[in-house]
Amino acid sequence: MAGLALASALACEVSSGGRHSERPDADGGGGSDKGSRGAPTPSALAAGTGHACVLRESGAVSCWGANAAGQLGDGTTVDRSNPVTVQGLGDARQLALGRSHTCALRASGAVSCWGANDRGQLGSGTEISASRPSAVRGLSDAKLVAAGGDHTCALRQNGAVVCWGNNSDGQLGNLTRTTWTEPAQIRGLVDAIGLVAGERHTCVLRQTGGGICWGANDKGQLGDGTTTGHERPSSVVDMAGLIGLAAAGARTCGFTAQSVYCWGEDDDGRPSPRPRKVAEGSQNDGIVELELGPEHACLRHQSGTARCWGQNRDGRLGDGSFDSKSRPSPVKLGSVRDLALGERFSCALRADNEVACWGDDAGGALGQGDAGSEGGAARTGVQRVVNLDDATALVSGDGFSCATRKTGAVLCWGRNDLGQLGDGSGDGSRAMPAPVAGVSDGVALTAGSAQACVVRKSGGVMCWGANDMGQLGRSPGAPIVKPNAIPKLDDATAVTLGDGHGCALRRSGSVYCWGSDAEGQLGDGAGSRGGTVVQLADATTLSSGRAHTCALRRSGEVMCWGANNQGQIGNGAGAAQLKTPVQVPVSVANLSDAAEIAMGPEHGCARRRDGKAACWGRNDAGQLGSGTESSVWTSRVPVKGLAGVSTLAVGSVHACAVAGGRLSCWGDNTAGQGGYVGGSATIPRSSVQGLDVASLALGRDHSCARLRSGEVACWGSNEYGQLGDGGRMVSATPLEVAGL
């Protein structure tokens, strides 16, 4: 866990919650800067698993983030996205944050703790949790404190170490009890100068520059060359001359001015019981601070530059991307004075005394205040869909999205007033993915404005959501809140939905449609409800708008039928012809080399085989990307400035494409669905970056991308929870904490 990791307190530091350790000043005081020993530090940072705190110059402490156990110390158990003041604490000198508890070293040498106490981690002599500071029993001469997952340790003025809390793995250095509710001394240890704690282990830095550790060792986190845990402190092998330690989760690191060495769980989850070099500084810019999370790490150089590496699926490295890094990558931030890492987020105290955080905002960990986490806020930043890392297909409708998983299950999230999530409820909305009822073998997926369908392995099609025009293959009526089969269809390979109709691509290459035919959208020329589209036997892809459908043929030709009031058929019709629906498939004019197609309500786009893109139809918000906002184009026009397009998608009034590995969007951006700052754009503009996009799915006012990793990222409006982030945000670049 991250916060425990923070549990490594630095000897010389006024703040840090416990992921790093440095040699103390000669007097052992906690008021000096890490980079220039002896210089006063006005404030410092510390972080736990899901919360963070800042130590103020006065000795007061402010905290924000997760607070279910009272770990923020404000007397409540309510998560806070704005910093709140810890009650009754005005003389703190250093902080240590664990999974769900917080401790402060006070000016007198006493230690106070608050938060979860189910394993005695507050040291109060009881197992009663506290949402306000409570004194650790019998401790009055501490000079450092460190917090692990649910244990805490303190370094005393005489070099001895005492610990309390969970001891199930020997992390307190004494296996006579599994829980200690007050401090117990580590026997035989009298020369400690630094202290850190991981999830289930503890380490100290000795005066000699070596390290010793004890506790859990299943991943080799004790660094003694074995994976056997023990309560007796043992030396880290092959390590000397260290100036600091850091611990988090099941790993530990030590550093010199020029190098970082780590042992314990490696990037692939395997044990690594001996120290290995993982990062380097430079002769002219040495390392002065190291912080660890369970899956990422950051270091600070003497110049104030910060660099991070490790897992980055939620932007916790702060380099503007979501790509994991095996080597340190510079944080997009100026000079910093202190770092603190949580489980899925990071924070820095800048040289100007402002605090900035980045990564996952779960529980308000980024400190962005109510505006930053408000459910309906429009966001140009990317939000990772939670609990989804194996998506194989992705679609979006008006305020909701759905994805298939590798298992064949289908998950949906967002708006649900018309049963569009398929979970059987037909009410409310969901900010996190939930399974569609009764589907475990999905192979292809589609969404209309308020309905969705999935193709099963058998070739059958199941649909749910709005059915007011028979678009789910049943008689028009009330929404269908659980998946229902489309009758007489057992050989589908793909499916598409408009507002009031649907079509399926059959194994033969023919197309079968159902629902409303009021504007010719069934394509059979008969004006009836359902039938086989004529003149098509070699279709490879289908895509539908509000009341029209287009098919991509093997040859690269695109055939469309249905409503043409905005030129969405793309056949070059004159103004007088636009009022007449096209009831049988006709070719999109001047387009014979399409490789991919995507339809919006009344416009469409195609990726051409040469890597360029073309669009046609309605253009009142610049959604054709042609550089104009003229209302209608009845034949295709090129999207300006795009080459090397690998995939594209169309939303209600915007479109996006990946070209040359970069994402660009155009059209409406009033809710941030384009992923850039500003309003509508008539030509492609650079959108959110740092995503390894496999496919795109665009709704009315939000956009989503399926990543090659199987994860899904979304941006734009979150009014109905359609970003799938559980109501939270993530940021790959630092954001200033509000109210500090």
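A pocket, on a 1 Å grid over the protein atoms alone, is an open set of points where a 1.4 Å probe fits, with protein on both sides within 12 Å along at least five of seven lines; lining residues have an atom within 4 Å of a point. Grid points are joined across faces, edges and corners, and a volume is the space filled by probe spheres set on the points.

Colleagues, the structure before you is a predicted model, in which local features need pLDDT of at least 70 and side-chain atom pairs count only at pLDDT 80 or more, while totals for chains, interfaces and linings use all residues. Residues are numbered from 1 along each chain as its sequence is written, and side-chain values use heavy atoms, with hydrogens and water left out.

I begin with the second largest pocket, whose volume is about 480 Å³. Its lining comprises 24 residues, and those nearest its centre are Gln311, Arg313, Asp314, Arg384 and Glu711. Twelve of the lining residues are charged, seven are nonpolar and five are polar. Here Asp, Glu, Lys and Arg count as charged; Ala, Val, Leu, Ile, Met, Phe, Trp, Tyr, Cys and Pro as nonpolar; and the others, Gly among them, as polar.

I turn next to a sheet. Strands are DSSP runs (E, at least two residues), numbered from the N terminus, and two of them pair if DSSP finds at least two bridges between them. Four strands, in the order β1-β2-β3-β4, make up an open sheet with antiparallel pairing. At its edges are β1 (44-47) and β4 (80-85), each of which pairs on one side only. From one strand to the next, the twist averages 20°, an angle taken between N-to-C directions on a scale from 0 to 180 degrees, with axes fitted to C-alpha atoms. Strand β3 (residues 61-65) joins β4 over three bridges, and Cys63 stands opposite Val84 in β4.

Which residues other than glycine have a positive phi? Asn387 is one of them, with phi near 60°, and Lys488 is another, at about 60°. Most residues other than glycine have a negative phi. Asn387 lies in the loop between β28 (379-384) and β29 (391-396), and Lys488 in the loop between β36 (480-485) and β37 (492-497).

Are these residues buried (under 20% relative accessible area, 1.4 Å probe, protein chains only) or exposed (over 50%)? Asn387 counts as exposed because its relative accessibility is 60%; Lys488 is exposed at 76%.

Finally, Val196 in strand β13 (residues 192-197) counts as buried because its relative accessibility is 0%. Val196 and Ala248, 52 residues apart in sequence, lie 8.6 Å apart in space, C-alpha to C-alpha.
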